[in-house]
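This report goes through some features of the structure shown below.

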Amino acid sequence: MIDILIWLVALPLAGALAALLLPRYATAIVISTAIATSISAAALLYAVATHGVMLYEIGGWPAGLGIALRADGLAALLLTMSALVLLASSIYAGAYFRENLLRSRFWPLWLLLWTALNALLLSGDLFNLYVTLELLGLSAVALASLAGKTAAMQAALRYLLVGLLGSMLFLAGVTLIYAGYGTLDMATLSRVVAAGPIAWSALALMTVGLLLKTALFPLHFWLPPAHASAPAPVSAVLSALVVKATFYLVMRLWLDIFSEVVIPQVASLLGILGAAAVLWGSWQALRAERLKLLAAYSTVAQLGYLFLFFPLLQALPAGAARDAAMGGLVILALSHGLAKSGLFLAIGIIQQRSGHDTIRDLDGTAQRLPATTFAIALSGTALIGLPPSGAFLGKWHLLSAAFSAGQWLWIIVIMIGTLLAAAYTFRVLGHAFGQQPYPRHPVTIAIEEWPALILTAFATIGLGLAGAPVWQLLKVSL
Amino acid sequence: MLTAHWLYGLSGCLIMALGLRAVLLNDSLLQRIIALNVMGTGVFMILITIAYRGPDATPDPIPHALVLTGIVVAVSATALALTLIRRLTEEQDSD
Amino acid sequence: MIITNMLFIDILLVMSILSLAWATLTATDVRRSVIFFIAFGLLVTLAWARLQAPDVALAEAAIGAGLSGALLLTAVQLRPRGTLPSEALDNEKQNRSNRADLRSSAAIRWAVTLLCIVLAYILIWALLQALSSQTNDNLAQSVNANLANSGVSNPVTAVLLNFRAYDTLLELAVLLTAVLGIFALSEERAGYAPAGAVFNGLVSWLVPALILMAGYLLWVGAHAPGGAFQAGAILAAAGVILRLAGKPDIGLPVSSTSYLNIILVIGSGLFLLVGLTMLALGRPFLGYPEAMAGKLILFIETAAMISIAATLILAFIGGRPHNREDG
């Protein structure tokens, strides 16, 4: 059972290599690998829920000398969400890319991205995290540049340079940690790290590096062009998973390893930047002309919400209120992952059928693509945070945490952000429901519309009902 | 602490800071990639300095392994970045 | 006396390295930057040798200075009009009449310089704290204690291919990702004219010598500085020389897509296979049995060397080889 941890990394890697060697069967290999990996992720979730934190020492060497893989509730939840998003997006991508040429280059890189994600979420070693970050960054850039247009390549190059800078800063932090504590194992470090110049400097360096990769305001400039010009399934994974993975690392650093080192003022700084991200991102999304740009800016805003939790988690003492806030954070992250990927997939369908994604020219979409429009509407509910979506639960807990901690500023920010989100969602839906004078026959739901529907349905209804299990799982922590 | 630690540690930090300055300020993309590589070399220098234990003792092999991995990762990223730049330049030329 | 001499050499080396770094980063002409960068890399190699890191010195010379330098040199080739490739980002800014954009504003330059000074200060402060306190030698001692069971006697190889083999597996995946990305982006650059007699003569003995050296480095990595990465880089150098000499066949099966894919995949593939075989045998992933550890490591390193060499050569030629069936 413990082997499941390494299978989660070995399966997509083996699939990538197989897809490269046997291009004729690549699609079949990828879909079966996707299914196998998703089943493994679900199995891990079950195993963590029943057995607690899982530890796997690779090579049999003790953690420290060797590299350990660790899974707790948070990692298992994120892994399952990634598996769901990637499985749905793989099915979508199979129908999206027509030419075999593109597929033979796409599939291996796609599975390598999945390998990187799983490896990152499971890693228990700081330098191993650096390697997974680089693998994630390079595969994401390679996939983003597949669109082939100049704008896409410019955005991909900027993404690459920013990503490399972030990784370099992260590595500098890891170096300081090794210099000061002589170990790279995260569990050992969470016991021995103490406040001091080494810990502060290392945390600062690693956080800035990760914030660059998570696109927190004002380091977000690279995200909208990169996510907007990538092919639709790639945008879905970039917005939903890749930035979430680096955010997960910020969480691990701040709440787990360096929890005793963090100063409240710096946590407030993160909160302020998050607030700026919410306001700026939502405003830019409202002004966006294209659907994909709207979705990309919405990602910037939604990530801002996640950072609002940091000052609150810092201020609340350990107890029920803090646990509820943590639960809210995770549910909000999961909800955004599912909703945003569904949104990007739906936009991709519109882009393919209509040839464009300009918001003003969306008339008639509801008539021609009713399922896709419904998916966009569901995604919008999850992004705004209307009940019964998981995001509603998340924002509710964010608000109650702000109330209990007495930090009123965030409440105003959340309200403005939610209003703006409602504005840009209804703007899109308003255009989409515009009637065309001569409606064409409504198209039945094609295979590529199912993934978007399922993902957004999960985000709204599934997560809303799954609040309690998520809370339970989060208690299983390192 | 050995003199070598002082010297090389200091210079590693300086190289990293200089590299960062160039990444942020230089105009040309190519120069920024070179600056990223220089920054990387700075970090590697800090790592190797940590591993050094003196002229008579065996150094700590773990940072050496880390730097080896880092060098290979850096060259992969550089190669991808350079290909992207070349593609972009070709697109510009054909405009 | 010896100590004073070493100190003198150290100071000289560090000052040269810093000056070269400064020259690389502040050169106005990109070509000058590249040349300075290569020199910088070679001096850094000396620094590694001085700090008793011969494995790293080999890799830095071959990959860090050598191959990176070669890649950068091909990137600064002149365009037909005799100017250098212009920067692809910020096209809109070039069209604006107000050319005093963000980066040339004095305030921004000052702010960034200040930021970097702060960074340097933080790094130095933390580093000196770390170095002057009691060195945590637990891991190094752990490595030494387990070295006998690892199958090799070179501690760096033991760490890379046994204790932290998972990192190396992922690193091979990084190499593969990079080359796949390069393949997706473009075809190979134009080749070179066939070499004249002198160069041909050089190639005819240099390439076999390099291949031999690579094989030696691979073999000796088990008990002396060397290993798969250094060997792979030397093989790649051989491929680069063949390319520069205008040979159509650069040592890779460029005419066949599937063979080329096999060569690219064989490093990470065999590594993963060995790991999974250990799982099937009831051992932990990549947990080699002590008796077979040395042989398994050599086996994995050979496959890795082939993939590394192929990846670096293909990165040098810039993209998919022309004769591939699917283009």
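## A buried leucine in chain A

A:L334 has a relative accessible area of 4%, which is under 20%, so the residue counts as buried. The model is a predicted one. A:L334 belongs to helix 13 of chain A, which covers residues 320-354.

Leaving out residues up to four places away in sequence, A:L334 touches A:L77, A:L78, A:M81 and A:L463. A:T425 is 91 residues from A:L334 in sequence, and the C-alpha atoms of the two are 20 Å apart in space.

## The largest nonpolar core

The largest nonpolar core of the model holds 362 residues. The residues with the most contacts inside this core are A:L44, A:F258, C:W48, C:F285 and C:Y288. Helix 6 of chain A contributes the most to the core, with 21 residues. As a general background, nonpolar side chains in soluble globular proteins tend to be buried together.

What does A:L44 contact, apart from its neighbours within four places in sequence? The contacts of A:L44 are A:I4, A:L5, A:L8, A:M54, A:A71, A:A76, A:L79 and A:L122.

## Where chain A meets chain B

The contact between the two chains draws 25 residues from chain A and 29 residues from chain B. Together, chain A and chain B bury about 2400 Å², and 89% of this area is on carbon and sulfur atoms. Zero salt bridges are counted between chain A and chain B. Two residue pairs, both at pLDDT 80 or more, are in polar contact between these chains.

On the side of chain A that touches chain B, helix 5 (126-144) and helix 6 (150-181) each supply at least two residues. Helix 6 gives the most to this side, with 16 residues. Sorted by class, the side of chain A that touches chain B has 19 nonpolar, five polar and one charged residues.

## Salt bridges

How many salt bridges are there over all chains? The count comes to 15. One of them joins A:R70 and A:D185, with the closest N and O atoms 3.2 Å apart. This pair links distant parts of the chain, 115 residues apart. A:R70 is in strand 2 (residues 68-71) of chain A, while A:D185 is in the loop between helix 6 and helix 7 (186-192) of chain A. Both A:R70 and A:D185 are buried.

In chain C, the side chains of C:D10 and C:R50 form a salt bridge, at 2.6 Å from N to O. C:D10 lies in helix 1 (residues 2-26) and C:R50 in helix 2 (residues 30-50) of chain C, so the pair ties together parts that are 40 residues apart in sequence. C:D10 and C:R50 are both buried. Another salt bridge is formed by C:R164 and C:D167, whose closest N and O atoms are 3.0 Å apart. C:R164 counts as buried because its relative accessibility is 2%, and C:D167 counts as buried because its relative accessibility is 3%. In chain A, salt bridges that share partners join A:D72, A:R252 and A:D256 into one network.

Methods:
Residues numbered from 1 in each chain as written. Chains lettered and ligands numbered in written order. Predicted model: local features only at pLDDT ≥ 70, side-chain atom pairs only at ≥ 80, totals over all residues. Heavy atoms only, no water. Contact = heavy atoms within 4.5 Å. Buried area = accessible area lost by both parts, 1.4 Å probe. Salt bridge = Lys/Arg side-chain N within 4 Å of Asp/Glu carboxyl O. Polar contact = N/O pair within 3.5 Å; in protein donor to acceptor, adjacent residues only side chain to side chain. Helix = DSSP H or I, 4+ residues; strand = E, 2+ residues; numbered from the N terminus. Nonpolar A, V, L, I, M, F, W, Y, C, P; charged D, E, K, R; others polar. Core = buried A, V, L, I, M, F, W, Y, C linked by side-chain atoms within 4.5 Å. Buried < 20%, exposed > 50% of the residue type's maximum accessible area, 1.4 Å probe, protein only.
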